[in-house]
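Here is a friendly walk through one protein model, written for someone who likes to think at the level of side chains. Have the viewer ready and follow along.

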Amino acid sequence: MRIFNLKKMAVFSLQHRIMFFVVFCSHFVYGQISYSIPEEMKKGSVIGNIAQDLGLDLKRLKSGKAGLYSGDSTEYIELNKERGLLLIRENIDREALCAKITPCALHLQMVLENPMELYSITIEVTDINDNAPTFQKSEIRFEISESSVIGARFVLGRAVDPDVGINGLRSYSLKPTDNFALEKQPDVGKIVEMVLQKPLDREKQGIIDLLLTAFDGGDPRLSGTMSIQITVLDANDNAPVFTQMVYQATVTENAIKGTKLTTVSASDADEDSNSHVTYYISEAVDSSVTNIFLVDQHSGEVTLNGQIDYEKSNHYQLVIQARDQGGLSDSCKVIIDVLDINDNKPTIDILSMSSSISEESKPNTVVAMIKVNDPDSGANGQLHCVINDNIPFAVTNPSNDFFSVRTEQELDREREAEYNITVTCSDEGVPSLSSSASLRLQISDVNDNAPVFERNNYEAYVVENNTPGLSIFTVKASDVDSNQNARVSYILEDSTVNGVPVSSYVTVSADSGIINAVRSFDYEQLKHFHFHVKAQDGGSPPLSSNVTVKITIQDQNDNVPQILYPVQTGGSLVAEIVPRSADVGYLVTKVVAVDVDSGQNAWLSYKLQKATDRALFEVGPQNGEIRTVRQVTDKDAVKQKLTVVVEDNGQPSRSAVVNINVAVADSFPEVLSEFTEFTHSKTYNDDLTFYLILALAAVSFLFITSVVVIISVKIYRWRQSRIFHHSNLPVIPYYPPGYTDTGVTGTLPHMYNYDVYMTTDSRKSDCKYSTLGGHNVLVVDQNFTETMKRTSDENNFLEESDSPELQKPPNNDWRLPPNQRPGPSGAAARPEEAGPGAVVGTGPWPNPPTEAEQLQALMAAANEVSEATATLGPRYNAQYVPDYRQNVYIPGSTATLTANPQQQQVPQQALPPPQALPPAEAPKAAPTPASKKKVTKKDKK
């Protein structure tokens, strides 16, 4: 605990006294601060800067919802949260607020929330001299006998000044002072008495007027006056005298009206009427007091005439006068003390309260702050507060009359989500009085509980060969938290089953926890497997728990029995030999079979389905043993064939069949001779039949493919003949300048090159000549040029000297008519001699072609077949096929049939659909390898 004290003096045309006291305890802060102000300050005047004095930030006043609380219904002070100032709200009259009580102070409480803070504010109101002394009456009359002795006293009453301290009543003055003077009293607050100093003489002055003045000690000095009129009576020598000057009495508060308090008594030494004494309450006593008490005029008995309350006033003082008939009197005092009784219940005011609190709040967290007040005194006003219910809350008393409700231990919303807290406050009176206040507190949830599965582990069964997506079973987990913290999601944890992720076997629905099969299970491959399912809530951070799930695969009868012995072979014959001397029960062989299923699905039974002689053999139904039933005779056939059925016990049952050959003979040669024919009669194996069918299908496919190829070749040739042999275009021979044939043996010495461009696969291909410098060029499609390129490559192949069958390329002049062929075949003029523009006529082939010419035509035809079948299969690669175009020349043209170097790198493709091409400019003639070789020979020669 840390305690701070602060004293501060500030002057704003007035003096402030400030004391600041702060207590920090756990999560609760308590502080005290005091101010001192004069009364009668104007509305809106500043008392002090409480935010600065308490060291608080202005934002804290706003966020903490700062408010002032006062037990009084009148609110004199207000708090300016924007500036942190305490201001005067209502005019403060110290006399109306505290009367004679000093010091006079206002007690306020300022409460801040989040966290809870309490500050007690005490504002002391100092007195100013704003009230003059006053007498209850402005005039008082006396009848005094002239025979009154010197020293006789007469009660004048007292002045009242509501101010206190130096501003209160200070002195009296009586004028004139010829016959009377004021009795000197140390306590100016007591009743003033006048003393006769000089004998009266009614004959000289029958009426005497005096003026009594009361003065206070303020600055400026204020005063009040009262007139005194004295009527001088005839002589009455003796005044009444009380038996005692002070009477004491006690009365309990709430006593009933008429309760006797005490009796006063006085006697007069005179006789007759002058000795008769009457009692009355002096007029100097306040009327509020005289209304409560009553004195009997004749007996002097003082009784209660009204209601008294200890909490309002616990002490009364009466002045009783006794007067005789002659006007002489005496006075005494009656002091009445009021006794307190326990007649007030404690009052509980809730200053601040939290409507909800988190369940993770630490112990000693303040949830409410209350103020309890009991106006009784002593033990009747001593208070204690408790919480009677067995709940984790307690009440502490950090300061007088203030109590805080705190958490006593950790809270758990899952155990109790709401608390109704009843705080009972009792006093120490007899009997004790108590009051109660109820607080309703909600416990807000935090994610402190993980989901819990209904079972520690799960085991489910599923029959093999299930349908994928089958719902196997459901896992269920619950979370005792609320709202989002209780929302459970299910997650399949990563793991493997035989090296395969478990997610390929099962899936888990995130919302419902339903486990579904992803695949169809096989009992023979997987009998059971484990995996983990995690349940995770929706809190932040999320909490989770997991559970182990075991899936057991149940067997189905989905496997047929497998025959282990005797082994069934496809090509060879296996037979069991039984001697003819075999007795009854002779063990021929034993059928051994297994079933990979389990349980009754694997129980096997054996039956003899078919036999050459059923009366000779039998099969053991349980063990599969084949034994003779009777004695073997010479009449029994040597060749015996048995068919045994092996059946399992499943529902439905599955079976397998095995054929067993039995030879009844005494020697092996006899067995061999008998079973040779049997072997040849054996049917073909199923695999052999399959291969025969496959071979037949392959042969049929090849035949159909060949037919399609032949038809395609025929169609292609027909289309080519349409292009080249039915054209009406003139052929103009042309001889390159400076060219001579050397080393040729044919009849056609001149050779020409074609450069042809045309569209493919079109019966209506347009051939167009483009004229460039007097040269005629035939333009066709690019793919056709590739075909011609292959022909040229083939010619190069034939020209190579390393070729085993070296053949000179033929001269294409054989295509010219006889009148255009040079040499013996024709004597017509050469193109140079005919002149420019001369057209040489065309005609059929002149003579039967030579062997070289036939080879040329045959290779060209092969190339055409390759081009026609390009869309049906793989095409020839240009780099491996000889190009025959290098040795072919078109008469009348200087263009050489050659491959475009840029086109040689283009891979072979299927022929594109026919399309019309625009007229293209003829490329320049390029020398082919053959032409280069000829030029070289010519240079050497």
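## A glycine in a loop

Setting aside neighbours within four places in sequence, Gly-306 is in contact with Lys-257, Asn-291 and Ile-292, where contact means heavy atoms within 4.5 Å. Gly-306 sits in the loop between strand E25 (301–304) and strand E26 (315–323); strands here are DSSP runs of E, at least two residues long, numbered from the N terminus. With a relative accessible area of 16%, Gly-306 is buried. For that term, buried means under 20% relative accessible area, exposed over 50%, and partly exposed in between, using a 1.4 Å probe and protein chains only. Between the C-alpha atoms of Gly-306 and Thr-290, which are 16 residues apart along the chain, the separation is 9.7 Å.

A word on the source: this is a predicted model, in which local features need pLDDT of at least 70 and side-chain atom pairs count only at pLDDT 80 or more, while totals for chains, interfaces and linings use all residues. Residues are numbered from 1 along each chain as its sequence is written, and side-chain values use heavy atoms, with hydrogens and water left out.

## A four-stranded sheet

Next, look at the open sheet of four strands, ordered E29-E35-E34-E31 with mixed pairing. Two strands count as paired if DSSP finds at least two bridges between them. Strands E29 (356–358) and E31 (383–387) are at the edges with a single partner strand each, so one side of each has no neighbour in the sheet. From one strand to the next, the twist averages 30°, with axes taken as lines fitted to C-alpha atoms and angles running from 0 to 180 degrees between N-to-C directions.

Strand E34 (residues 418–427) and strand E35 (residues 434–444) run antiparallel and are joined by nine bridges. Asn-420 has Arg-440 in E35 as its bridge partner.

Arg-413 belongs to the loop between strand E33 (402–407) and E34. Is this arginine buried or exposed? At 14% relative accessibility, Arg-413 counts as buried. Its side chain makes a polar contact of 3.4 Å with the side chain of Glu-414; a polar contact is a pair of N or O atoms within 3.5 Å, where within protein one must be able to donate a hydrogen and the other to accept it, and residues adjacent in sequence count only if both atoms are side-chain atoms. Beyond four places in sequence, the contacts of Arg-413 include Glu-359, Ile-443, Val-480 and Ser-482.

## Salt bridges

The whole structure holds 18 salt bridges, each a side-chain nitrogen of Lys or Arg within 4 Å of a carboxyl oxygen of Asp or Glu. Three of these pairs are listed here.

| Pair | N to O distance |
|---|---|
| Arg-153 and Glu-183 | 3.9 Å |
| Asp-445 and Arg-413 | 3.1 Å |
| Glu-625 and Arg-627 | 2.8 Å |

Arg-153 is partly exposed at 38% relative accessible area, and Glu-183 is partly exposed at 30%.

Asp-445 and Arg-413 are both buried. Arg-627 is partly exposed, with a relative accessible area of 28%. Finally, Arg-94, Glu-95 and Asp-127 are linked in a network of salt bridges.
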